[in-house]
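Student: I have a structure open and want to go through the contacts. Can we start with the ligand?

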Amino acid sequence: MTRRPSWMASLPMQPVSGAAAGGRPKGLRPGARSGAVDRRGPARTADIAPLPPSGLGLASERARARMVETLVQGGLRDSQVLDAMLQVPRHQFVEAALASRAYEDVALPIGHGQTISKPSTVARMIELAMAHLPAAQRAGSQALEVGTGCGYQAAVMARVFGQVISIERVRGLHEQARGNLRSLRLTNLRLAFGDGHRGVPQGAPYDAILVAAAGDTVPDALLEQMRVGGRLVAPIADGARQSLHLVERVAADEWQSTILDAVRFVPMRTGTI
Ligand code: SAH
């Protein structure tokens, strides 16, 4: 960990024993399906021609502003989430050939058979996961993402939560995300490599957990790593159908689950590759 840049460290995974994680919490009813690179060096001002008003930076800012307008029309309200979506350069998280489509509301391939989530889905999940946090508590909040992928959602989360950990099971994507995120210098975001079924106990308890891949159920370790009063948002598969579940930990031994929108995510897999 010490050899890595301080802004992003790879967390070693510690196994969560079955006994420690406990059985399925009783409260959760199983049936309740309830950039632009700044190339201006330290040259003297007289040597520098003014930047044209339409560089890649400005073009992508405009595209992001249009994307956020669409999100607002779609019902997104949280000003901090909107601001984060305006700031994070999504085109830096997809390969160059797809960059022109980066601000469309679509999932795009990121390699390894995975996809970058749709902007509207990212915004919706983050808004749901933090709706219980008053503005004053957001800076001190702790959040976990399962399924880093290319790192886009992690970057948006790092702009709204106090501390963020994101875990990915595919080594190639974990490294890709590290590269994509480097220039953003998000000092409050750490990337972990491992199977997210176990969560990341080192960072628990979490005020918010976002799962970016669909499983049949919410893993017990994730339920246990929620803070009492915290929220988890995850796509849950029921046969071929998937729906977004919002889980609230209302007491130490009680979780409440609400089923929300129909969604489409890549499957949550076991182990690492
Ligand atoms: N968060 C990404 C979406 C990535 S797609 C974004 O910002 O767009 C979902 C990711 O979940 C994939 O990269 C996949 O490899 C990962 N994944 C699937 N099962 C996992 C598991 N058990 N633990 C950690 N990551 C997992």
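Student: Which ligand atom does the backbone of glycine 147 lie 2.8 Å from?
Tutor: A nitrogen atom; the glycine 147 end is a backbone N or O atom. A polar contact here is a pair of N or O atoms within 3.5 Å. This is a predicted model, where local features need pLDDT of at least 70, side-chain atom pairs count only at pLDDT 80 or more, and totals for chains, interfaces and linings use all residues. Residues are numbered from 1 along each chain as its sequence is written, and side-chain values use heavy atoms, with hydrogens and water left out.

Student: What about histidine 197?
Tutor: A polar side-chain atom of histidine 197 is 3.4 Å from a ligand nitrogen atom. The protein buries 99% of the 580 Å² that the ligand exposes when taken alone (Shrake-Rupley method, 1.4 Å probe).

Student: Switching to α7. Which residues are buried?
Tutor: Leu173, His174, Ala177, Arg178, Asn180 and Leu181. Buried means under 20% relative accessible area (1.4 Å probe, protein chains only). They sit on the same side of α7, because their arc around the axis is only 170 degrees, taken from the directions from the helix axis to the C-beta atoms.

Student: And how do β9 and β10 pair?
Tutor: Residues 241-251 (β9) and 254-262 (β10) pair in the antiparallel sense over seven bridges; pairing takes at least two DSSP bridges. Leucine 246 has threonine 258 of β10 as its bridge partner.

Notes: Buried means under 20% relative accessible area, exposed over 50%, partly exposed in between (1.4 Å probe, protein chains only). Helices (H or I, at least four residues) and strands (E, at least two) are DSSP runs, numbered from the N terminus. A polar contact is a pair of N or O atoms within 3.5 Å; within protein, one must be able to donate a hydrogen and the other to accept it, and residues adjacent in sequence count only if both atoms are side-chain atoms.
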